[in-house]
Amino acid sequence: MRLLALAHFKEGQSRTQIAKYLKVSRTSVNKWVQTFLEEGLEGLQEKPRTGRPTFLTPKQREQLSLYIKRRASEPSVGRLTGSDIHAYIIKEFGKHYHPDSIYYLLNRMGFSWITSRSKHPSQSQQLQDDFKRFKTETILKIPGHISLEAVDVWFQDEARFGQQNTTTRLWAERGTRPRAVKQQQFEYAYLFGSVCPRRGIGEAIVVPWVNKEIMIQHLNQISQVTEYGRHAVVIMDRAGWHTDDIAEQFNNVSIIKLPPYSPELNPIEQVWS
């Protein structure tokens, strides 16, 4: 806009005409022309704006961030709301924010209002820590002549997918509710899936139900794609059809079960979500 005003000025247009052409005030045109005559084109560049200084200093923001992170990881306390954070800021720093500004502040600090991950009351942190010593468990499961470098780790899980129709909205007279047929049947299927991150491949099978025999079929898929001289270790949960003997017929497949109530240790859970 400023450069366009200067172009009209160079062509001999009056400042009143320029303001009319560009639909701006004559004062603005006067200011642009005067700045150009004194400082040149560099004077018309947008200058950085400092804006209003933040209420909280960097040190105070760091303290607030640590407080929110600590509260989010404490299992014995309730969720931290915007009003709770506002009360903490007033108590610790003596600063007062508008309620809407609290959420803007949290967004600028890298926080967001998200759904927490569920955790079963019977989950054991000790068992999860023991499971993370994965190499020891793998050595105990694989044949003695197989080295750890020749092991392909697979992550396995099942998911059920289904659909049940719902009634839709329609235009009708106010105060009435026309009746419509709704399908009551619920159709679904089960998907057995496994992925091997090292090789970037996966195997899956879609079935109408789950049982031990289907699980063996799925392990057979993994066995067939495992390269000669390598061994597949399949990580899975403790579903009823994941019995200890399902991999006995395969000489290149072993299974390792997750600790109870620990789905977050299985990356393939992210595929279903």
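Which residues have the most contacts inside the largest nonpolar core? The model is predicted, so local features need pLDDT of at least 70 and side-chain atom pairs count only at pLDDT 80 or more, while totals for chains, interfaces and linings use all residues. Residues are numbered from 1 along each chain as its sequence is written, and side-chain values use heavy atoms, with hydrogens and water left out.

The residues in question are F192, L219, V234, M236, I246, V253 and I255, within a core of 19 residues. A nonpolar core is a set of buried Ala, Val, Leu, Ile, Met, Phe, Trp, Tyr and Cys residues joined through side-chain atoms within 4.5 Å; buried means under 20% relative accessible area with a 1.4 Å probe, protein chains only. Two or more residues each come from β2 (187-196), β3 (201-207), α9 (212-225), β4 (231-236) and β5 (253-257). The largest contribution, 5 residues, is that of α9. Another core, of 14 residues, lies apart from this one and includes L56, L105, L106 and M109.

The chain as a whole contains 10 helices and 5 strands, assigned as DSSP runs (helices H or I, at least four residues; strands E, at least two) and numbered from the N terminus. Its radius of gyration, 33 Å, is well over the 19 Å that the globule rule gives for 273 residues, so the chain is more spread out than a compact globule. That radius is taken over C-alpha atoms, and the rule is 2.2 Å times the number of residues to the power 0.38. Along its principal axes, the C-alpha trace spans about 95 × 60 × 50 Å. Of the 273 residues, 32% are buried.

Methods. Buried < 20%, exposed > 50% of the residue type's maximum accessible area, 1.4 Å probe, protein only.
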